[in-house]
Amino acid sequence: MKQEVGVVRRGHVLEITLDRPKVNAIGQETNRQLGAAFDTLRDDPELRVAILTAAGDRIFSAGWDLKEVERGDAKLDEWWEDEQAPGGFAGITERWDLNKPVIAAVNGLAIGGGLELAIACDLIIAAEHAEFALPELPLGIVPDAGAIQRVPRRIPYNVAMEMLLLGRRMPATEAAHHGLVNLVVPGSELIDKAREWADQLAESAPLALQTVKEVLRAIEGNTIEQSFQTMRTGDLPVYRQMLRSEDAEEGIRAFVERRNPVFKGR
């Protein structure tokens, strides 16, 4: 079986590389391998954060492999029923049980499903030459694997409508201006910056790190008052465990003793 996704461990960091020439399109096998990689991140207690990037320096991902659809290897109607791995498209766009953060290092064009893959991550660092676009409408379809759901919540509504209706490409600097990406760096510095952020996250207390995503997911759409109630009465096992953890005691003790904490994830 051809390896379309590279997975490398670097301490507490999992580096996932989409590698499917020529345009890193995501077919069913790619989907399965990405899903397996995110399963590993979720289930391995030694892993605390992941970096998702792609091979080459021109295209992060051109999105869904439409040639598979044209050949009949994948269906368009109720396409989600074809997904062979949990987590939705690319193994992450509907992964509601992953509390560990993922940093997208976007090294080029992120088109259609490639954009949907990037914005399903928690932090996005883009190379200066990267561009983002949603060209589905002229194809008679819509970007329903995450873009139509997420983009209008990340950037101004009218700008989102330009992307969805007109399909115009958005340069990385403009994407950063609107808050679609966190940071833009020269392409030669992209992976080093992603590793710098990942290492910083990996040094955090694991349960506190995971609590951020668990709580944000639970309170999305709540009023402020409802958010407090959700945190006090909702089903938030990681948050409850964090409050009672050895790491929480260690973090406070280390602060008082003016030393670096030693976190163990419990």
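The chain holds 11 helices and 10 strands, where helices (H or I, at least four residues) and strands (E, at least two) are DSSP runs numbered from the N terminus. With a radius of gyration of 19 Å, close to the 18 Å that the globule rule gives for 266 residues, the chain is as compact as a globular protein of that length; the radius is taken over C-alpha atoms, and the rule is 2.2 Å times the number of residues to the power 0.38. This is a predicted model, in which local features need pLDDT of at least 70 and side-chain atom pairs count only at pLDDT 80 or more, while totals for chains, interfaces and linings use all residues. Residues are numbered from 1 along each chain as its sequence is written, and side-chain values use heavy atoms, with hydrogens and water left out.

**The whole chain**

Begin with the C-alpha trace, which spans about 60 × 40 × 35 Å along its principal axes. Now colour the chain by burial: 47% of the 266 residues count as buried, where buried means under 20% relative accessible area, exposed over 50%, and partly exposed in between (1.4 Å probe, protein chains only). Among contacts with a separation of 6 or more, 66% are made by residues 24 or more positions apart, a contact being heavy atoms within 4.5 Å.

**Helix 5 and its cover**

Select residues 157–166, which form helix 5, and show the side chains of its buried residues, Val 159, Ala 160, Met 163 and Leu 164. Seen down the helix axis, these buried residues fall within an arc of 135°, so they line one face of the helix; the arc is that of the directions from the helix axis to the C-beta atoms. In general, an α-helix has 3.6 residues a turn, so residues three or four places apart point the same way. Turn to the other side of helix 5 and you will find Tyr 157, Asn 158 and Leu 166 exposed.

Centre the view on Met 163, which lies in helix 5 and counts as buried at 0% relative accessibility. Leaving out residues up to four places away in sequence, Met 163 touches Leu 115, Phe 132, Ala 133, Leu 134, Ile 155, Arg 168 and Met 170. Just after helix 5, stop at Gly 167, which takes a positive phi of about 70°.

**Two further buried residues**

Move to Asn 107, found in the loop between strand 5 (102–106) and strand 6 (109–111), and buried with a relative accessible area of 6%. When residues up to four places away in sequence are not counted, Asn 107 touches several residues, among them Thr 53, Gly 56, Arg 58, Phe 60, Ala 127, His 129 and Leu 190. To see a separation across the model, draw a line between the C-alpha atoms of Asn 107 and Met 242, which are 135 residues apart along the chain and separated by 35 Å.

Then select Ala 202 in helix 7 (residues 190–202), a residue that is buried with a relative accessible area of 8%. Apart from its neighbours within four places in sequence, Ala 202 is in contact with His 12, Val 13, Arg 48 and Val 49. The C-alpha atoms of Ala 202 and Asp 65, which are 137 residues apart along the chain, are separated by 33 Å.

**Backbone exceptions**

Most residues other than glycine have a negative phi, and most peptide bonds are trans. With that in mind, display the backbone from Pro 21 to Lys 22, where the peptide bond is cis, with omega near 10°; Lys 22 sits in the loop between strand 2 (13–18) and helix 1 (28–43). Asn 24 is also placed in the loop between strand 2 and helix 1, and its phi is near 55°, a positive value in a residue other than glycine. Asn 24 is buried, with a relative accessible area of 3%.

For the last stop, go to Arg 258 in the segment after helix 11 (246–256). Arg 258 has a positive phi of about 55° although it is not a glycine, and at 81% relative accessibility Arg 258 counts as exposed.
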